[in-house]
Amino acid sequence: MKTLELPQTDLTASDVVVGLMRINDMSDEDIRALYAASRDAGVTMFDHAAVYGGWHGCEERFSAAVTLTPAERAEIVLQTKVGIRPTPNGAYFDFSYEHILESVEESLTALQTEYIDVLLLHRPDALVEPEEVAKAFDELHAAGKVHHFGVSNQTPGQVDLLKKHVRQPLAFNQVQLSITHANVIAQGLTANMGGLDQSISRDNDILNYSRINDITLQAWSPFQKGFFDGVFLGDREQYADLNDALEEIAAAHGVTPTGIAVAWITRHPAHFQVVLGTTNPQRVRDSAAGSDVELSREEWYRIFTAAGHTVP
């Protein structure tokens, strides 16, 4: 498992992150098995959010199942997210000073920890007031309750607006990326080409902005075809050519197609972290094995085009 020295932080972490949004209904034994398999595979970073599993549900399930000694707590990176508030009428976003502080205190209690290594703003809030975010971040950082900060699914302009007031580095941006949902990467290859959907910029060039500003991009839903509409792995009805390529390249490297799907992301020089959503320990092992694979340029582009993207 490769590790990354994460820019703008004092953290070193695995480039595969285990996301825990689906553990709420798992038994303690199964959660412990998932955690143990992750650690054995070299994973050192675990991703939560206040809204996962109901209000702080997955955070509570994790800490109830996994007892961390002070030494082990220091060996891992716990990340959580703040800003989505569920209601009976649907969720809404809240980046207010009061909500950020309240939610972080609840996360600390749920996770049974004295500090959060990384706190992300969970998607953009259209009503954000950057001064309030800055005030909350200042207090949390000064108190030692949050060590590092970032965002998710935010454009360069949204990040710059926050940076106008936030003093701490915004060191992370968690974005959706898989081989088949790759507009973050694909758009740049067909820039200035008329009549091609791939040429449309949907994120104002998050990729290059992040590389220029030393922001670590975290890829969520790395196996999803699109927005929670199933995985492309094994889908021969829609992605036969892609699965053929993944299987052939996987065999050449002695890993699984899952591993190659991870390797495709980690091969990019932006040094993405890959955030898994699986609860399957073997899928974690397969993904971790892919972290160690260095795809050639030919292999990387073959996978890209087999997924249906254009290389002009």
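Student: Is Ala307 buried or exposed?

Tutor: Burial is read from relative accessible area, computed with a 1.4 Å probe on protein chains only, where buried means under 20%, exposed means over 50%, and partly exposed covers the range in between. Ala307 has a relative accessible area of 10% and therefore counts as buried. This is a predicted model, in which local features need pLDDT of at least 70 and side-chain atom pairs count only at pLDDT 80 or more, while totals for chains, interfaces and linings use all residues. Residues are numbered from 1 along each chain as its sequence is written, and side-chain values use heavy atoms, with hydrogens and water left out.

Student: Where does Ala307 lie, and which residues does Ala307 touch?

Tutor: Helices (H or I, at least four residues) and strands (E, at least two) are DSSP runs numbered from the N terminus, and Ala307 belongs to the segment after α12. With contact taken as heavy atoms within 4.5 Å, and with residues up to four places away in sequence not counted, Ala307 touches Ile179, Thr180, Tyr239 and Leu242. Gln218 is 89 residues from Ala307 along the chain, and their C-alpha atoms are separated by 21 Å.

Student: Which residues of the largest nonpolar core touch the most other members?

Tutor: In soluble globular proteins, nonpolar side chains tend to be buried together. A nonpolar core here is a set of buried Ala, Val, Leu, Ile, Met, Phe, Trp, Tyr and Cys residues joined through side-chain atoms within 4.5 Å. The largest one holds 56 residues, and those touching the most other members are Ile179, Ile260, Trp264, Phe272, Leu295 and Ile303. Helix α10 (residues 257–266) supplies the largest share of this core, with 6 residues. Another core, of 24 residues, lies apart from it and includes Ala134, Phe137, Val166 and Ile215.

Student: Which residues does Ile303 touch?

Tutor: Not counting residues up to four places away in sequence, Ile303 touches Ile179, Leu242, Leu246, Ile249, Ile260, Trp264 and Leu295.

Student: At what angle do helix α9 and helix α12 pack?

Tutor: Two packed helices are described by the angle between their axes and the distance between the axes. The axes are lines fitted to C-alpha atoms, for helices over the stretch in contact, and angles between N-to-C directions run from 0 to 180 degrees. Helix α9 (residues 240–253) packs with helix α12 (residues 297–306) at an angle of about 160 degrees, their axes being 8 Å apart. This is why α9 is roughly antiparallel to α12, given that angles under 35 degrees count as roughly parallel, over 145 as roughly antiparallel, 65 to 115 as roughly perpendicular and the rest as oblique.

Student: Which residues of α9 and α12 meet?

Tutor: From α9 come Asp241, Leu242, Asp244, Ala245, Leu246, Glu248, Ile249 and His253, which meet Glu299, Arg302, Ile303 and Ala306 of α12. By class, this contact of α9 with α12 has 6 nonpolar, 1 polar and 5 charged residues, where Ala, Val, Leu, Ile, Met, Phe, Trp, Tyr, Cys and Pro count as nonpolar, Asp, Glu, Lys and Arg as charged, and the others, Gly among them, as polar.

Student: How are α1 and α11 placed, parallel or antiparallel?

Tutor: The axes of α1 and helix α11 (residues 281–291) come within 9 Å and cross at roughly 15 degrees, and the two helices are therefore roughly parallel to each other. In α1, Ala33, Leu34, Ala37, Ser38 and Ala41 meet Pro281, Val284, Arg285 and Ala288 in α11. The contact of α1 with α11 divides by class into 7 nonpolar, 1 polar and 1 charged residues.
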